[in-house]
Amino acid sequence: MAVTVKIPTQLRAVTDGEAETEVDGGTVGEVLDALFDRYGDLRDRICEDGELRRFVNVYVSGEDIRFGDGLETEVAEGSEVTILPAVAGG
Amino acid sequence: MAIESLRCKECRTEYPLDARYVCEQCFGPLEVAYDYSDLDVAEVRRKIQAGPRSIWRYSDFLPFVSAPRGSLTTGTTPLVRADRLAQHLGLGELYIKNDAANPTHSFKDRVVSVALAKAIELGFEVVACASTGNLANAVAAHAAHAGLESYVFIPANLEEQKVLATGIYGTNLVAVNGNYDDVNRLCTEISGEHDWAFVNVNLRPYYAEGSKTLAYEIAEQLAFTLPDRVVAPIASGSLFTKIGRGFAEWLELGLLNGDLPTFNGAQAQGCSPVAQAYADGRDVCKPVRPDTIAKSLAIGNPADGPYALDLARSTGGGVDAVTDDEIRAGVRLLAQTTGIFTETAGGVTIATLRKLAGRGDIGADERVVAVITGEGLKTLDVARDTFERWEIEPSLDDFESERADRVPAGAAR
């Protein structure tokens with residue numbers, strides 16, 4: 001299932017400058033794995049011990065995945081997955 | 001020059017002092033690092049006491065090479081001894097730090113003064129923010145004063161008073177159909193695409209430093225001594241943790257002696273991710289969908305949640321949550337015992353103070369400071385229908401007969 005992933009500026013150094021890319025996957029975890037296959041250095045930036053680092057937020061169509069099933073959250077064909085730093089605001 | 005670099009709070013990687021807020025290695029938050037090794041404590045204290053009556057008297061502890069000038073006069077707000085409230089709650093020495101007495105009537109003037117001075121220093125022409133209301137007021141006003149273009153993003157359901165008190169300054173006011181966390185996500189995305197100074201996104205490390213001045217002022221107003229306990233609201237957790245940081249810096253330097261105060265965080269039950277994590281013994285917060293009258297604290301995804309939990313736990317304090325009815329009662333109690341009218345966030349703080357006092361958590365000999373972060377005129381709905389007014393004709397007889405009906409016999413003549 002093809003989904004669009006939006007990459008924040010802080011990670012574009014490891015995505016060859018790409019701000020947006022398309023990958024296949026049925027869950028957030030699968031989408032991220034597909035992304036890590038493409039950009040090898042990305043994994044360590046946002047994951048630690050197989051989990052997302054605590055200051056990384058991931059959204060599926062604007063919804064924080066912690067309101068869903070975390071990395072198991074399903075992504076529908078054509079939806080948008082956004083990775084963002086968590087330390088903004090307040 | 002004391003300011004050194006930006007440093008990741010998680011992995012300690014250092015970065016130059018430009019507009020950035022995230023560690024590229026681990027996504028942790030960046031914080032300003034200083035080198036105080038050359039500082040002469042007696043000299044610094046003299047300099048503070050001879051400084052301007054604003055937050056710039058603490059400029060040695062703010063992220064600038066030379067002290068910024070101008071700006072709206074922020075800070076040096078009253079620390080009010082609250083004996084009647086203390087008596088009501090069965091407490092000893094109680095003070096209200098009334099930060100409603102700032103140019104746009106909330107503590108946000110502190111963080112915005114620092115962020116805008118930094119934005120100007122870094123050469124930005126546009127400033128912006130994601131706001132729950134108070135920050136909107138402050139960014140719009142300080143940008144107008146500085147002659148900078150501004151964009152202010154707010155949740156569409158914000159209190160009318162806060163919307164009006166933002167729009168008047170001539171900002172680009174963007175109401176987003178969503179809650180604060182949606183606004184914040186949007187602004188995080190926008191900040192990557194536009195070369196703007198988002199005060200609480202890409203300038204957040206500098207912005208957050210402004211809240212340390214609350215600690216400095218409290219300490220200076222107490223003749224360079226510490227309170228035993230601080231009760232303050234938690235939204236993102238930035239204010240709460242930076243008050244702790246301010247005291248800690250002065251303790252390390254020897255400007256203050258003793259121990260860090262006990263820190264009690266205050267949240268509304270309708271948006272209490274930090275209080276829930278505290279109660280569950282967790283280190284991280286699960287996001288929530290806010291539903292509370294304390295809209296200035298309605299952040300369901302608090303950026304500094306883990307650090308707020310650390311501070312509360314390491315100082316023997318805690319984080320409590322109070323209901324909307326307790327918040328309304330807190331606003332009334334503060335008004336009727338101190339003459340200070342606070343917005344709903346202050347009601348959260350006072351209701352939490354009341355809860356702590358009721359539980360017996362506060363010793364009778366403790367010196368307590370409750371931090372009131374905003375003005376009651378911004379959330380007037382809290383006052384509506386909470387009292388009756390007398391309606392009379394302009395006649396002495398009418399007044400006396402109305403009074404006889406309402407005031408018990410034997411009251412002061």
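Two residues are in contact if their C-beta atoms, placed from the backbone, lie within 7 Å. In this predicted model, helix α1 (residues 28–38) of chain A lies across β1 (2–6), β2, β5 and β7 of chain A. The helix runs at about 115° to β2(A). Chain A also meets chain B: 22 residues of chain A are in contact with 32 residues of chain B.

**The sheet of chain A**

- Five strands of chain A form an open sheet, and their order is β2-β1-β7-β5-β6.
- The pairing in this sheet is mixed.
- The edge strands are β2 (20–24) and β6 (63–64) of chain A, and each of them pairs on one side only.
- Strands of a sheet pair through backbone hydrogen bonds, either parallel or antiparallel.

**Strand β5 of chain A**

- β5(A) runs antiparallel to β7(A), and five bridges join the two strands.
- In that pairing, Val60(A) has Val81(A) of β7(A) as its bridge partner.
- β5(A) also runs antiparallel to β6(A), with two bridges between them.
- Here Val60(A) stands opposite Glu63(A), and Tyr59(A) stands opposite Asp64(A).
- β5(A) and β6(A) form a hairpin with two residues between them.
- Ser61(A) sits in the turn of this hairpin and has a positive phi of about 50°.
- Five of the five residues of β5(A) are buried, so the strand is largely enclosed by the rest of the structure.
- In a regular strand the side chains alternate between the two faces of the sheet.
- In β5(A), Val56(A), Val58(A) and Val60(A) are buried on one side, while Asn57(A) and Tyr59(A) are buried on the other.

**Where chain A touches chain B**

- Three elements of chain A give two or more residues to the side that touches chain B: α2 (42–46), β5 (56–60) and β7 (80–85).
- The residues on this side of chain A divide into twelve nonpolar, five polar and five charged.

**Asn301 of chain B**

- Asn301(B) is in the loop between α10 (273–280) and α11 (305–314) of chain B.
- Is Asn301(B) buried or exposed? Asn301(B) has 27 other C-beta atoms within 10 Å, so it counts as buried.
- Asn301(B) and Glu121(B) are 180 residues apart in sequence. Their C-alpha atoms are 31 Å apart in space.

**Positive phi in chain B**

- Most residues other than glycine have a negative phi.
- Arg12(B) is not a glycine, yet its phi is positive, near 70°.
- Arg12(B) is in the loop between β1 (3–8) and β2 (14–15) of chain B.
- Arg12(B) has 12 C-beta neighbours inside 10 Å, so it counts as exposed.
- Phe224(B) is not a glycine either, and it has a positive phi of about 55°.
- Phe224(B) is in the loop between α8 (212–221) and β10 (229–233) of chain B.
- Phe224(B) has 14 C-beta neighbours inside 10 Å, so it counts as partly exposed.

**Chain B as a whole**

- Chain B has 14 helices and 13 strands.
- The C-alpha trace of chain B spans about 75 × 45 × 45 Å along its principal axes.
- A compact globule with 413 residues would have a radius of gyration near 22 Å, and chain B agrees because its value is 22 Å.
- Buried residues make up 54% of the 413 residues in chain B.
- Of the contacts in chain B with a separation of 6 or more, 69% join residues 24 or more positions apart.

Terms used. Residues are numbered from 1 along each chain as its sequence is written. Chains are lettered from A and ligands numbered from 1 in the order in which they are written. This is a predicted model: local features need pLDDT of at least 70, side-chain atom pairs count only at pLDDT 80 or more; totals for chains, interfaces and linings use all residues. Helices (H or I, at least four residues) and strands (E, at least two) are DSSP runs, numbered from the N terminus. Ala, Val, Leu, Ile, Met, Phe, Trp, Tyr, Cys and Pro count as nonpolar, Asp, Glu, Lys and Arg as charged, and the others, Gly among them, as polar. Two strands pair if DSSP finds at least two bridges between them. Axes are lines fitted to C-alpha atoms, for helices over the stretch in contact, and angles run from 0 to 180 degrees between N-to-C directions. A residue is buried if 20 or more other C-beta atoms lie within 10 Å of its own, exposed if 12 or fewer, and partly exposed in between; C-beta atoms are placed from the backbone. The radius of gyration is taken over C-alpha atoms; the globule rule is 2.2 Å times the number of residues to the power 0.38.
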